[in-house]
Every structure is written in C-alpha cells, then in structure tokens.
Amino acid sequence: STYRVGYIIGSLSRKSINRTLAKALIRLAPEELEFVEIGIGDLPLYNHDFDLDYPPEGRALKDAIASVDAILFVTPEYNRSIPGALKNAIDWASRPWGSNSFTHKPSAVIGASPGKIGTAVAQQSLRSVLSFCNSPQMNAPEGYIQFSPEVFTEEGEVLDDTTARFLRDFMDEFAVHIARVCTVLSAQR
Ligand code: FNR
C-alpha cells in the first residue's frame, strides 16, 4: 500500500541545504511513499496559555500531522542541537496536554551540514525529544550528511553514486519501518 509522509525541514532559510537534501530524498524514495511538506515557519512561539484556544497555525500543524502516516525530519544542527524553530514546532504539535500529535506516529531523522559532523549531535538531541513524544523512530540507518554542492544540485539531483545509494537505502528502510508500525497499529484497532 501507499503511505503519506509529512516532511519537516528544520531550517527556515531560503537557501537551506537541508531543503536540498529533502528534495534528494524524495527523488530517491520508493514509489509507495507520497510526500507533503509540513511548514513550521508561521508558528508563533509556543506557550501553554495557547492550550485553552489553539490559534489557526497551531491547529493547522496538528491537522497536517494527523493527515500523514509518518514524519520525516530533515534538519540542520544549530549550536549542537536542533534549531529553535523546529523545537517550537514540536512543542506546538505535542500539545494541548493529552493530545500529543506524535503518539504512535512513525518518524525518521536525517540532516546535512557543511562540516563533517553531519548534524549528528542535533539528531541525538532530536531523538531524545521524539522518544519522549512517543514517536516510533527508525533506529537505523542513521544519516549524517556532509553537504557538498558538487554532490547535490539545487533541484536535489545526487551526482555521486555512493551517496545516492545510501540515501535510497535510507528511504527504503524508512518505508519498511512505516509499514511495520502501521501494520501493528491497524491490527490493534
Ligand atoms: C550553524 N552551523 C552549525 N553546523 C554544525 O555542523 N554544527 C553546529 O552546531 C552549527 N551551529 C550553527 C548555529 C547557527 C546559529 C547557524 C546559523 C549555523 C552551520 C550550519 O550547519 C549551516 O549554516 C547549514 O547551512 C544550516 O543548514 P540549512 O539552514 O542550510 O539547511
């Protein structure tokens, strides 16, 4: 069957290398995955006073997550953690109390940086957050991508075969992970 994947880019930059990486992942993904971007740039800064009456931006985010089978996080590393904009979005989606949008929603985490660290530390931090939010995460493979404009075109073409094979495998495994979680969940319903 087909699965809908909502992808969240952790960067609000117009020239984001993580947006380019997301384009590449979508190109290389297996046919059974369909993609829709879940934007996080319009959200106000969350505080729990909003729980009494969620604004349209907060409701739109929760509706978008509810409408997909899985979430793919493609994020930069900011100061050895995830960008504030991404954390803010996760906080919005995790609330109001008792209606956490991530519960039982399969996810995967990947990211790119120009340096060799490849967002490894940010991903570790994001994994802790997603664990607390009860999202069944794909454990492996991990994707720490050192971004180079010689490997990725702006349209998300991958010019290096080894990188393309790695990213294709990552998305194949994500499809398997989603199918596994969704099969268990539908059997329980
Ligand atoms: C960075 N960058 C960065 N890179 C990294 O590997 N580890 C880090 O901790 C940080 N910290 C950091 C903080 C801030 C505030 C900025 C603006 C940048 C560099 C970062 O990887 C680079 O700017 C990427 O291009 C950001 O990803 P996007 O926005 O292009 O997708």
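Modeller: N134, at 39% relative accessibility, counts as partly exposed. The model is a predicted one.

Biologist: Why is N134 called partly exposed?

Modeller: Buried requires under 20% relative accessible area and exposed requires over 50%. N134 has 39%, so N134 counts as partly exposed.

Biologist: Where is N134 found?

Modeller: N134 is in the loop between α4 and β5, and its position is just after α4.

Biologist: What is the phi of N134?

Modeller: Phi is near 65°, a positive value in a residue other than glycine. Most residues other than glycine have a negative phi.

Biologist: Which value does phi take at N79?

Modeller: Phi of N79 is near 50°, again positive and in a residue other than glycine. N79 sits in the loop between β3 and α3.

Biologist: Why is N79 called exposed?

Modeller: The label exposed needs a relative accessible area over 50%. N79 has 79%, so N79 is exposed.

Biologist: What makes you call the peptide bond between R95 and P96 cis?

Modeller: Omega is about -5° for the bond that joins R95 and P96, and that bond is cis. P96 belongs to the loop between α3 and β4.

Biologist: What is omega for the bond from A140 to P141?

Modeller: Omega is near 0° there, and the bond from A140 to P141 is cis. P141 is in the loop between α4 and β5. Most peptide bonds are trans.

Biologist: How many helices and strands does the protein chain have?

Modeller: There are five helices and five strands. In sequence order the pattern reads β-α-β-α-β-α-β-α-β-α.

Biologist: How do you know that the radius of gyration of the protein chain agrees with a compact globule?

Modeller: For 189 residues, a compact globule would have a radius of gyration near 16 Å. The protein chain has 16 Å, so the value agrees with the rule. Along the principal axes, the C-alpha atoms fill a box of roughly 50 × 40 × 25 Å.

Biologist: What share of the residues is buried?

Modeller: Buried residues are 49% of the 189 in the protein chain.

Biologist: How far apart in sequence are the contacting residues?

Modeller: Of the contacts between residues at least 6 apart in sequence, 79% join residues at least 24 apart.

Biologist: How far apart are the mean positions of the positive and negative charges?

Modeller: They are 3 Å apart, for 18 positive and 23 negative charges.

Biologist: How do you know that the span of helix α4 agrees with its 13 residues?

Modeller: At 1.5 Å a residue, residues 120-132 should span 18 Å. The end C-alpha atoms of α4 are 19 Å apart, which agrees.

Biologist: Which residues of α4 are buried, and against what do they pack?

Modeller: A120, A122, Q123, L126, R127, V129 and L130 are buried. The buried residues of α4 pack against β3, α3, β4 and β5.

Biologist: Why is G111 called buried?

Modeller: The cut-off for buried is under 20%. G111 is at 0% relative accessibility, so G111 counts as buried. G111 lies in strand β4, and its contacts beyond four places in sequence include N18, L21, T75, Q123 and Y144. G111 and P76, 35 residues apart in sequence, have C-alpha atoms 5.6 Å apart.

Biologist: What makes L72 a buried residue?

Modeller: L72 has 2% relative accessibility, and buried means under 20%, so L72 counts as buried. L72 is in strand β3. Among the residues L72 touches are V5, L25, I110, F170 and F174. The C-alpha atoms of L72 and V5 are 6.8 Å apart, across 67 residues of chain.

Biologist: Why does H177 count as buried?

Modeller: H177 is at 10% relative accessibility, under the 20% cut-off, so H177 is buried. H177 lies in helix α5 and touches P106, S107, P136, Q137 and M138, leaving aside residues up to four places away.

Key: Residues are numbered from 1 along each chain as its sequence is written. This is a predicted model: local features need pLDDT of at least 70, side-chain atom pairs count only at pLDDT 80 or more; totals for chains, interfaces and linings use all residues. Side-chain values use heavy atoms; hydrogens and water are left out. Helices (H or I, at least four residues) and strands (E, at least two) are DSSP runs, numbered from the N terminus. The radius of gyration is taken over C-alpha atoms; the globule rule is 2.2 Å times the number of residues to the power 0.38. Buried means under 20% relative accessible area, exposed over 50%, partly exposed in between (1.4 Å probe, protein chains only). Contact means heavy atoms within 4.5 Å. Lys and Arg count as positive and Asp and Glu as negative; His and the chain ends are not counted. The place of a charge is taken as NZ of Lys, CZ of Arg, CG of Asp or CD of Glu. The expected span of a helix is 1.5 Å times one less than its number of residues.
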